Amino acid sequence: MIQVGLAAPRRAVGLTGLVLGAALIRALLLPLGDLLSTLVFGGCLLTIAWVERTGPASRGGESPASLGILGSLIAGLMVGAVLLVPLTAGSLSGRGLDGFWTWAALAALIATLEEIAVRGALYRRWSDEAGPVAAIVAGAAVFALIHLPRYGLSAMPLDAAVGLALGGLRALTGRVAPCAVAHTIADWGAWFWA
């Protein structure tokens, strides 16, 4: 009898469900207010990342981060600038700086928590169990799905493409921080081109 030794990525799938569950909770709480639902979502992501930080160490599927910290952050800035390009095809929102700074701080916090959960814990788990390509693809799918309630089906292709770019950045640099930088830049740009 021939047996295939491929194990299903059980922990990765479970972690994926937790991240998607956090997004579902956010969507269900949205009628109670955007700030409340966003803060609960952020708290869920922080909890997921906190619990996963004590998980088993990576088997070495991570990039050696040959770019270094500075090079990685520069790569994050560059990817963030590229992510702004699709936004510039639309018209300016007309929103000024009134309310921007408070919103920008919250957007940066949530973007960072999303990246810690998706490109940190989730990427690491998928990479360990199924390889880096699966980690990039799973992260992109999760990224698109967690934004579905907020932006709708029409934004799914763009969100998936952004997720692939951020996953590629994670694979290239071996770090989450550049992904958080790129994600934050894209979110801040959306304030002006939404």
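User: Hi! What's the secondary structure of this chain?
Analyst: Hello! This is a predicted model, and its secondary structure comes to 7 helices and 0 strands. Along the sequence the pattern reads α-α-α-α-α-α-α.

User: How much of the chain is buried?
Analyst: Of its 194 residues, 39% count as buried. The chain exposes about 10300 Å², and carbon and sulfur atoms supply 73% of that area.

User: And what share of the contacts join residues at least 24 apart?
Analyst: That comes to 79%, taken among contacts between residues at least 6 apart in sequence.

User: Let's look at α3. What span does it reach?
Analyst: Helix α3 covers residues 68-88, 21 residues in all, and reaches 31 Å from its first C-alpha to its last. That is close to the 30 Å expected at 1.5 Å a residue.

User: Which residues of α3 are buried?
Analyst: Ser-72, Ala-75, Gly-76, Val-79, Gly-80, Leu-83 and Leu-84.

User: Why might a list with that kind of spacing make sense in a helix?
Analyst: An α-helix has 3.6 residues a turn, so residues three or four places apart point the same way.

User: Nice. What do the buried residues of α3 pack against?
Analyst: They pack against two helices, α6 (156-173) and α7 (177-193).

User: Switching to aromatics: how many pairs are there?
Analyst: The structure holds 6 aromatic pairs. One of them is Phe-100 with Trp-191, an edge-to-face pair at 5.6 Å centre to centre with 65 degrees between the planes. This pair links distant parts of the chain, since Phe-100 is in helix α4 (residues 100-130) and Trp-191 is in helix α7, 91 residues apart.

User: Are those two buried or exposed?
Analyst: Phe-100 is buried, and Trp-191 is buried as well.

User: What about Phe-100 and Phe-192?
Analyst: Those two also form an aromatic pair, a tilted one, with 5.2 Å centre to centre and 40 degrees between the planes. Here too the pair links distant parts of the chain: Phe-100 belongs to α4 and Phe-192 to α7, 92 residues apart.

User: Which residues make up the ring cluster?
Analyst: Ring pairs link Phe-100, Trp-101, Trp-103, Trp-188, Trp-191 and Phe-192 into a cluster.

User: Last one: where does Arg-53 lie?
Analyst: Arg-53 lies over the face of Trp-50, at 3.7 Å from the ring centre.

Note on methods:
Residues numbered from 1 in each chain as written. Predicted model: local features only at pLDDT ≥ 70, side-chain atom pairs only at ≥ 80, totals over all residues. Heavy atoms only, no water. Helix = DSSP H or I, 4+ residues; strand = E, 2+ residues; numbered from the N terminus. Expected span 1.5 Å × (residues − 1). Buried < 20%, exposed > 50% of the residue type's maximum accessible area, 1.4 Å probe, protein only. Contact = heavy atoms within 4.5 Å. Areas by Shrake-Rupley, 256 points an atom, 1.4 Å probe, with all protein chains shown as cover. Phe/Tyr/Trp six-rings, centres within 6.5 Å; stacked < 30°, edge-to-face > 60°. Lys NZ or Arg CZ within 6 Å of the ring centre and 35° of its normal.
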